Amino acid sequence: MSKLSQKHLLGIKDISREDIELIFETADNFKEVINRPIKKVPSLRDVTIANVFFENSTRTRLSFELAQKRLSADVINFSASNSSVKKGETLLDTVNNILAMKVDMIVMRHASPGAPHYLAKHINANIVNAGDGTHEHPTQALLDAFSIREKLGSLVGKKIAIIGDILHSRVALSNIFALQKLGAKVMVCGPPTLLPKFIKHLGVEVELDVQKALQWCDVANVLRIQLERQQIKYFPSLREYSLYYGITKKTLDNLKKQIVIMHPGPINRGVELSSDAADSEHSIILDQVENGVAVRMAVLYLLAGRTS
Amino acid sequence: MKILLQSPQIIDPNSPYHLKEKNVLINNGRIVEIGDKNYSADKVIKAEGMKLSIGWFDLGTSIPDPGHEYKEDLDSGMRAAAAGGFTQIAVLPNTSPAIQTKNEVSYLIKGNDTNLVKIHPLASVTKNNKGEELTEMIDLHEAGAVAFTDGLKPVWHTDIFLKSLQYLQKFDGLLIDHPEDIWLNLFGQMHEGINSTMLGLKGMPRIAEDIVVNKNLELLGYAGGRLHITRLSSAKAIDMVRSGKKKLNVTCSVTAYQALLDDSLLADFDTNYKVNPPLREKADQDALIKALKDGTIDVIISGHVPQDEESKSLEFDLADFGITNLQTTAANLVSLSKWVDWDVLLEKITVAPRRLLNLEIPKIDIDEKANLTLLDPDRVWKFDERSNFSKAKNSPWFGQEIVGKAVAVFNNGKHYFDVA
């Protein structure tokens, strides 16, 4: 069978369209597996994977852990607060300590952009980036694209609007890279202070009006407002944000067409997305979660296969 | 000991031998003969194809001693300077404590009568370089401070900047400023552009430099005095200095590496390229080269900012800024010589900084003191643990073979060679 072109999954920018398609085909099989009565396969037996999370995460960590367990890998979890990094043990020391316990693969989330790239220069294990600061979140982009493909068939020519805090979003950046590689058109929309000044140069459309963005797109990927990642104030209040950038069922019903609503979670209900919109027939948010496990199984399986 | 330099090209606009290839005989710290004869000597250095200038002067070396001697101390800094071709260095006050009383000034200059490398203290404009409260600049000047700066930090407070320009006029003192808007650059990691966008790193926009240069030139026009803007990087800021020079007493400098590197080099998060001002784009590099040629840029500095491994070998946003560059400035100059003539380049690292600081300018002539640097532009060498004299190795060239090296320096009756 085919192999990934990369030893690690550090970002979507570094992988090819063929890699993405291979991951999707593999994920199709695993999605079938996890819907069987017996959901587990022995593919990664004797492979030890460490989930190293320097930043809080519930769903990504659970999704990875479930993917690992369904593949029969041995799993260890490590969580640490990022604030202690500079005072205490360095990232490299922490990870080397874990590797000394004979770990084959590291799934890492970290607040610093490039942290997994830094690690990749210093250690031998396969690395999966589970989110590095405001840089990339490749498995999220893969599961998002996989979910769109499942809902709409091919992505070629489809219009995807990414709405919200683009500046602080690793999901946005990875999504842009993934969607463009798969032939989709991408628009970003949000308050001007939350749009990177040079984002146009990535070949995306830029729109400041949510209504217009929704009117344009086939799929709206609504991002979480990352208050925790904003070191500086970028907009006056959540109230104003939800009034002028929030999406409700009413907004969606007023459109002359049916669009798909996505969200990487966790949703700030009533801020970027109202409950009735999040739970409406437009939404594929829970499909994203289910597909997340299948896509992560595919990534882990393919990376392990690359070394064996 | 008699030392003969055989046929280097002499580059010194103040010398009758400027641009000529001559044999130069040095004895006991003085130039005793210049000519075509093969003078007898204890040591002969074959210097054909090499450039002999007066000793290089670095207008802004960071040696964080006192305070952070583990990064670089005066001893290691002076060795790296000598090995890099510098016989005189003006050191930045980003020390702990800052260079803000005459005690710190005396600490820096204590070995100046005997050392190969002479240290010229740049004293802080404001206490602890915080930009808030002026230091006793007259007293510091009397003690031996050659100019005033907050070093790697901008004098950001508009009124303090204005007052320092005014206050320094008592003794025609020079204010040196690193132009940076601290609010626009807050948490910034690299040049703002397509590359910072793709890397998810917070940008340091050109405008953070441009508006401060603009503002400070206005303040200079209003207050009078002498301003030197250091570490320029933005094309627009350079244009502003170019027009400012027509009516104001303003000069500027650039680090030796700034025109050679761009922000695409940060693509794999190599912290050795994390510098302030950040590496920018082709248009800025071109503007720097043009400004080096047309004289807008007066001075080239090494930009030496040593960091220990713990400050560089870590996550990009946690790493400190800076390149260890004393020993690689020569190679930078060789790269720049593709576009800029040697006599123009060397003037900016020899005569120009001394003139700005009103210091004595050595001269290559018979019976003058030997304050000299011999550069071999063709020397291929490896910058590594063995050749490095700095305590730091935060350099994109560390571990690499590079071309161009200062192979001999003379000053204060002392010398250092790296020749066969």
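Buried area is the accessible area, taken with a 1.4 Å probe, that two parts lose on being put together, summed over both. By that definition, about 1,900 Å² is buried between chain A and chain B. The model is predicted. Chain A is itself divided into two domains, and about 2,500 Å² is buried between domain 1 of chain A and domain 2 of chain A.

**Chain A against chain B**

- Carbon and sulfur atoms give 63% of the area buried between chain A and chain B.
- In terms of contacts, 27 residues of chain A meet 21 residues of chain B.
- The rule finds one salt bridge across the interface of chain A and chain B.
- Lys121(A) and Asp268(B) form a salt bridge, with their closest N and O atoms 3.9 Å apart.
- Six residue pairs are in polar contact between chain A and chain B, both residues being at pLDDT 80 or more.
- On the side of chain A that touches chain B, the elements giving two or more residues are α4 (115-122) and α6 (170-181) of chain A.
- Of these, α4(A) gives the most, with five residues.
- By class, the side of chain A that touches chain B holds 14 nonpolar, nine polar and four charged residues.

**Domain 1 against domain 2 in chain A**

- Domain 1 of chain A takes in 12-136 + 291-304, and domain 2 covers 138-288.
- The centres of the two domains, taken over C-alpha atoms, are 25 Å apart.
- Contacts link 30 residues of domain 1 of chain A to 29 residues of domain 2 of chain A.
- Carbon and sulfur atoms give 62% of the area buried between these domains.
- Within domain 1 of chain A, Ile12(A), Phe24(A) and Asn291(A) lose the most area to domain 2, together 27% of what that side buries.
- The rule finds three salt bridges across this domain interface.
- Arg149(A) and Asp28(A) meet through their side chains in a salt bridge, at 2.8 Å from N to O.
- Elements that give two or more residues to the domain 1 side are α1 (17-34), α2 (59-70), β3 (105-110), β4 (126-132) and α11 (285-307) of chain A.
- The largest share of that side, eight residues, comes from α1(A).
- The residues on the domain 1 side divide into 10 nonpolar, eight polar and 12 charged.

**Ser280(A)**

- Ser280(A) sits in the loop between α10 (275-278) and α11 of chain A.
- Ser280(A) counts as buried because its relative accessible area is 9%, and the cut-off is under 20%.
- At 2.8 Å, the side chain of Ser280(A) reaches the backbone oxygen of Ala277(A).
- Neighbours within four places in sequence aside, Ser280(A) is in contact with Lys249(A) and Leu252(A).

**Gln285(B)**

- Helix α8 (residues 282-294) of chain B contains Gln285(B).
- Gln285(B) is buried, with a relative accessible area of 9%.
- Beyond its neighbours within four places in sequence, Gln285(B) is in contact with Gln258(B), Ala259(B), Leu260(B), Leu261(B) and Asp262(B).
- Gln285(B) and Leu25(B) are 260 residues apart in sequence, and their C-alpha atoms are 40 Å apart in space.

Methods: Residues are numbered from 1 along each chain as its sequence is written. Chains are lettered from A and ligands numbered from 1 in the order in which they are written. This is a predicted model: local features need pLDDT of at least 70, side-chain atom pairs count only at pLDDT 80 or more; totals for chains, interfaces and linings use all residues. Side-chain values use heavy atoms; hydrogens and water are left out. Domain bounds come from an automatic or database domain assignment. Contact means heavy atoms within 4.5 Å. A salt bridge is a side-chain nitrogen of Lys or Arg within 4 Å of a carboxyl oxygen of Asp or Glu. Helices (H or I, at least four residues) and strands (E, at least two) are DSSP runs, numbered from the N terminus. Ala, Val, Leu, Ile, Met, Phe, Trp, Tyr, Cys and Pro count as nonpolar, Asp, Glu, Lys and Arg as charged, and the others, Gly among them, as polar. Buried means under 20% relative accessible area, exposed over 50%, partly exposed in between (1.4 Å probe, protein chains only). A polar contact is a pair of N or O atoms within 3.5 Å; within protein, one must be able to donate a hydrogen and the other to accept it, and residues adjacent in sequence count only if both atoms are side-chain atoms.
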